[in-house]
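Q: Got a model open here and want to talk through some spots in it. Can you take my questions as they come?

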Amino acid sequence: MWIAQSPLQERLLAVMAKGVWPSITEFPEADLMAEGEALVVSPLFGETVELLLAQWHDLDDPIAVTRTICLGLKNNPLRDPLIHAIDAIAESAIEDLGPFVRALDARAGDDNSPLSIRIEAVAGITRFALQSPKHAAFAFAGVLRLIDVDDDWVKAKLCRLTSVLHEQLSWADAVESLIALSKSEACAVEASQELGFVEMANAFRSEDINAMMEYFSKSASWFNESARLAEDAPRARMYGAIASSLAKYLASDHTEVVDVVSLNDDARWVAHYNPPRAGASWLHPPPEAELEWIPLLAPLNSRVPPDPFTLLAGAMQLFEKIRSIPVPTQGGYAYRPPQGISKTAQQGRLIGLMRTWLQGNACASMSVQGRAQLDVGLAQLGASPGKH
């Protein structure tokens, strides 16, 4: 057990032991900075950073405070305090994240630091790059720096970081990096699953329907590979079914058969029993987001083939929810969906939504002639490439 080394540290521990968050009046900048170099390498690093950032706009010497925090990012030996400090920085209103990014970059490249610390440094850089994309190159380099290390847990976490960098910051080397990770037995299941999502993102970014179908086929193949390698893979089965169905129905191939009941059970299992690993909640949407895909499969359980663009619209809506990540904003969080959805995909979504509307009662007041004209227009706009 760690023992406080000074009266200030003892006071800080005593306040927290009461379940009360320490106030900046009790722990002002001058007191914290007097012991700053000791505090930032102690288990109290996270609390120290929070207290200093709470005073950010009233600091006497913000440069010295920044330098001290960076000292902790480079040297604190404990994973949890480091994560706490990164959380505090990410949730603050600091505009210039550059010094913290560079400090974490140095830590990610420090061969003397444990791999569990280095991967958290890369994760921290990724978080900061999502808030300030000009730092994206540091995140890309961080992943590549650790991609060949011999550590199962690190490789598994790299898989998710890599797909986030692809979906949010359009990292060109993401697919190649995930393929390299998929060759490692330790993370082949997770890498294959993330490749499924990455290729699904590529499908929604495509400006050509034929290319979109090809990406959906790749996506389904990777999800199926993940399911093949795993003892149980409910998420991979779920999204493999969706990707495969989209590839086939967009090509006017209605031979796809989906076991909807089984996949609904998978969705409930994923939502209720598959929480994010410790320190990774910022990489995930709310768990209930996965349940929203269940209505998407309802048409697949019918004898009448679903309209491909209706399925596409539902899949896009689902994808944007399940692959969104929380990004700090003033006063809270905003869930940001994957970036770069193409005009073609957006047009397909609009067609699907309009066809869903036409099938419902909302358009009951429309004239027969008006509805017929709209049907013809949508048919021309969304003619499947498989019919040409």
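Q: Is R11 buried, partly exposed or exposed?
A: R11 counts as partly exposed, at 38% relative accessibility. Keep in mind that this is a predicted model.

Q: Which helix is R11 in?
A: R11 sits in helix α1, residues 7-17.

Q: And how far apart are the C-alpha atoms of R11 and E26?
A: They are separated by 9.2 Å. Along the chain, R11 and E26 are 15 residues apart.

Q: Next, M33. Where is it found?
A: M33 is in helix α2, which covers residues 29-34. Its relative accessible area is 24%, so M33 is partly exposed. The cut-off for buried is under 20%.

Q: On to G98. Buried or exposed?
A: G98 is buried, with a relative accessible area of 2%. It lies in helix α7, residues 98-108.

Q: How far is G98 from A129 in space?
A: From C-alpha to C-alpha, G98 and A129 are 9.6 Å apart. In sequence they are 31 residues apart.

Q: Change of topic: cavities. How many are there of 30 Å³ or more?
A: The count comes to two.

Q: How much space lies in the second largest cavity?
A: About 40 Å³.

Q: Which residues line the second largest cavity?
A: The lining is made up of R127, L130, Q131, W282, I325, P326, V327 and P328. By class, six are nonpolar, one is polar and one is charged.

Q: Which elements each supply at least two residues of that lining?
A: Those are α8 (115-131) and β1 (325-329). The largest share, four residues, comes from β1.

Q: Now the backbone at S170. What is its phi?
A: S170 has a positive phi of about 55°, although it is not a glycine.

Q: Where is S170 found?
A: S170 is in the loop between α10 (152-169) and α11 (174-182).

Q: How accessible is S170?
A: Its relative accessibility is 47%, so S170 counts as partly exposed. A residue has to be over 50% to count as exposed.

Q: What about E176, buried or exposed?
A: E176 counts as exposed, at 58% relative accessibility. Its place is in helix α11.

Q: How far apart are E176 and L195?
A: In space they are 9.6 Å apart, C-alpha to C-alpha. In sequence E176 and L195 are 19 residues apart.

Q: Last stop, α13. How many residues does it have, and how far does it reach?
A: Helix α13 runs over residues 209-229 and has 21 residues. From its first C-alpha to its last it reaches 30 Å, close to the 30 Å expected at 1.5 Å a residue.

Q: Which residues in α13 are buried?
A: I209, M212, M213, F216, S219, A220, F223 and S226 are buried in α13. They are on the same side of α13, because they cover an arc of only 140° around the axis.

Q: What caps the N-terminal end of α13?
A: D208 does. A side-chain oxygen of D208 lies 3.1 Å from the backbone nitrogen of N210.

Key
Residues are numbered from 1 along each chain as its sequence is written. This is a predicted model: local features need pLDDT of at least 70, side-chain atom pairs count only at pLDDT 80 or more; totals for chains, interfaces and linings use all residues. Side-chain values use heavy atoms; hydrogens and water are left out. The expected span of a helix is 1.5 Å times one less than its number of residues. Buried means under 20% relative accessible area, exposed over 50%, partly exposed in between (1.4 Å probe, protein chains only). The arc is that of the directions from the helix axis to the C-beta atoms. A polar contact is a pair of N or O atoms within 3.5 Å; within protein, one must be able to donate a hydrogen and the other to accept it, and residues adjacent in sequence count only if both atoms are side-chain atoms. On a 1 Å grid over the protein atoms alone, a cavity is a set of points where a 1.4 Å probe fits but cannot get out, and a pocket is an open set with protein on both sides within 12 Å along at least five of seven lines; lining residues have an atom within 4 Å of a point. Grid points are joined across faces, edges and corners, and a volume is the space filled by probe spheres set on the points. Ala, Val, Leu, Ile, Met, Phe, Trp, Tyr, Cys and Pro count as nonpolar, Asp, Glu, Lys and Arg as charged, and the others, Gly among them, as polar.
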